[in-house]
Amino acid sequence: MITTSLKNLPEESVSHNPEIKKKVMLRFGDLPHLTNFSQARFAPGQTAPAHAHQDMCEVFFVEAGSGVIHIDGKEYPLLPGNCVAIEPGEVHEVVNSGSTELVLTYFGLRVEISA
């Protein structure tokens, strides 16, 4: 069993934009296939630039705030309660286009790459 609490975790920088802060509840190796289970907080105007993961799926759940996520050139709203799953290879960019903090809880799952 693994237990964590957000209030006891240190803030870390998000790799795609060091100004965005996250708290990592579970890390790679804690559970099979899981790359991370984290919560990130985007200030108004902050962006995690467009990128893709070839070896993982990523799932975002909107806790608070609002924004948009661009996936392969299309824009989708990020509103409280929305869940978005990104497939391997999909180019995605998260933008806080709202006027308040955007809070995303997210996790990644490693996938096998076929040769």
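Predicted model: local features only at pLDDT ≥ 70, side-chain atom pairs only at ≥ 80, totals over all residues.

Student: Why is valine 94 called buried?

Tutor: Buried means under 20% relative accessible area. Valine 94 has a relative accessible area of 3%, and therefore the residue is called buried.

Student: Which residues does valine 94 touch, leaving aside those up to four places away in sequence?

Tutor: Contact means heavy atoms within 4.5 Å. On that basis valine 94 touches Phe42, Gln46, Thr47, Ala48, Phe60, Val68, Ile69, Leu78, Leu102 and Leu104. Valine 94 itself lies in strand E9, which covers residues 92–95.

Student: What is the C-alpha separation of valine 94 and leucine 79?

Tutor: Their C-alpha atoms are separated by 12 Å, and the two residues are 15 apart along the chain.

Student: What secondary structure does the protein chain have?

Tutor: The protein chain has ten strands and zero helices. Its elements, read from the N terminus, run β-β-β-β-β-β-β-β-β-β.

Student: How do you know that the radius of gyration agrees with that of a compact globule?

Tutor: For 115 residues, a compact globule would have a radius of gyration near 13 Å; the protein chain has 14 Å, so the value agrees. The C-alpha trace spans about 40 × 40 × 25 Å along its principal axes.

Student: What share of the contacts joins residues 24 or more positions apart?

Tutor: Such pairs account for 61% of the contacts with a separation of 6 or more in the protein chain. Buried residues, for their part, make up 38% of the 115 residues.

How values were computed:
Residues numbered from 1 in each chain as written. Heavy atoms only, no water. Helix = DSSP H or I, 4+ residues; strand = E, 2+ residues; numbered from the N terminus. Rg over C-alpha atoms; globule rule 2.2 N^0.38 Å. Buried < 20%, exposed > 50% of the residue type's maximum accessible area, 1.4 Å probe, protein only.
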